[in-house]
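Trainee: I would like to learn how to read the features of a model such as this one. Could we take them in turn?

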Amino acid sequence: MRAVVFEQFQQFPVLKEVERPVPAAGEVLLRVAGAGACHSDVSVYREFTAEHPGNIQPSFVLGHETAGWVEELGPGVTGVEPGSAHLVYGPTGCGRCRQCVQGRENYCENAATNPALAIGLGRDGGMAEYVCVPARNLVPLGEADPVAAAPLADAALTPYHAVRLAESSLSGGGKTALVIGLGGLGQIAVQILTALTGAAIIATDLKPEAMEQAEARGAVTVPGGEGQAERIRELTGGHGVDAVFDFVGAAPTVELARSVAGIGGTVVIVGIAGGTVEWNFYTAAYESALMSTYWGSIADLHEVAAMYRAGQIVPDVETFTLDEAPEAYRRLEAGELSARAVVVPHG
Ligand code: NAD
Ligand code: ZN
């Protein structure tokens, strides 16, 4: 079968012929419906090195945002209907630690010694005709379209979890949320905030077309540049923002987050650009909280799937064939996409 393989650190992935995998005990083989290209993949193949924590050593098939149909059951797997459509919960933890037993395999305490971080991050992922996944990582989609669903596994799961983290800051009425970075994750964050909170949504991006998309979803946008923080504060009636979601995480965006967060506000850094910010008694609003987050729990993904089936999350998707997958990554890196790139291997 054909697959998009991450062969070496700091090297662009390669489309090549590989063996079709055989499901091990407890696994199922999925016929891939769609596999999303996430900006984290770009960091993995451009910036990461062998010293990076968590087991993501090449070579492996990319694709940590996958949906597909059950093709074959591995030994010992029962109760999964062949042909049924599922989302893949990516993280593969030890299954036994304090985090894993709560379905939070994204925070597995044994990540350092696990054989792989996740499906598509250290073990073969969904950018291929077929992928093997542990049966316990399947989240059923029912009759919902599995192609447009692929981004749910990360581009919706991660902002969903982030919004839940900031829920207490956003409840109570008259609250404001700020979304920084309106790409794959940010556009879905706007939808999740709309569905789950009554907060007014302010949004910003470097790209005018990304801001137009967010406006169409009900956000008020404020372009970057001189006076941006002041303009955002004005929109909050001077209170400051109650919850900031930074889907970039670079120095200027975390600084913007700090400068606009209000008393008791929550700042959630999702983007992995590694920017730092000075956060102390004098620089941060009283009782404001600064946190990072990584992916979400499998319970969160079940809820995300329910929101998709209810029409509350509608990912913007541009589909690519497997042959076009390298082009999808090229355009993602160049900032030329205005929807999540989803690779559809069986067109
Ligand atoms: P994307 O490329 O689809 O979108 C990024 C958006 O940010 C683009 O629209 C871009 O124009 C905008 N942007 C870039 N710099 C900006 C700036 N200085 N100010 C305002 N906007 C800016 O990326 P994505 O797939 O949505 O991922 C977003 C980030 O989240 C990446 O850093 C990715 O690695 C990270 N990520 C984190 C997690 C997690 O669990 N924490 C999970 C998935 C992705
Ligand atoms: Zn664990």
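Mentor: Start with a strand pair: β1, residues 2-6, is joined to β2 by four bridges in the antiparallel sense. Bear in mind throughout that this is a predicted model.

Trainee: What holds the strands of a sheet together?

Mentor: Strands in a sheet pair through backbone hydrogen bonds, and the pairing is either parallel or antiparallel. Here, Val-4 stands opposite Leu-15 of β2.

Trainee: In what order do the strands of the open sheet come?

Mentor: The order is β2-β1-β4, three strands with antiparallel pairing. The edge positions belong to β2 (14-17) and β4 (60-61); each has a single partner strand, so one side of each has no neighbour in the sheet.

Trainee: Next, the domains. Where does the assignment put domain 1 and domain 2?

Mentor: Domain 1 is made of two segments, 2-154 and 296-344, while domain 2 covers 157-292. Their C-alpha centres are 27 Å apart.

Trainee: How many residues of domain 1 and of domain 2 are in contact?

Mentor: On the domain 1 side there are 24 residues in contact, and on the domain 2 side 17. The area buried between the two domains is about 1,700 Å², with 53% of it on carbon and sulfur atoms.

Trainee: Which helices supply at least two residues of the side of domain 1 that touches domain 2?

Mentor: They are α1 (39-46) and α9 (298-309). The largest share, five residues, comes from α9. By residue class, that side of domain 1 has eleven nonpolar, seven polar and six charged residues.

Trainee: How many salt bridges does a search of the whole structure find?

Mentor: It finds 17. One salt bridge in the structure joins the side chains of Arg-46 and Glu-333, at 2.9 Å from N to O. Arg-46 belongs to helix α1 and Glu-333 to helix α10 (residues 325-334), so this pair ties together parts that are 287 residues apart in sequence.

Methods:
Residues are numbered from 1 along each chain as its sequence is written. Chains are lettered from A and ligands numbered from 1 in the order in which they are written. This is a predicted model: local features need pLDDT of at least 70, side-chain atom pairs count only at pLDDT 80 or more; totals for chains, interfaces and linings use all residues. Side-chain values use heavy atoms; hydrogens and water are left out. Domain bounds come from an automatic or database domain assignment. Contact means heavy atoms within 4.5 Å. Buried area is the accessible area (1.4 Å probe) that two parts lose on being put together, summed over both. Ala, Val, Leu, Ile, Met, Phe, Trp, Tyr, Cys and Pro count as nonpolar, Asp, Glu, Lys and Arg as charged, and the others, Gly among them, as polar. Two strands pair if DSSP finds at least two bridges between them. A salt bridge is a side-chain nitrogen of Lys or Arg within 4 Å of a carboxyl oxygen of Asp or Glu.
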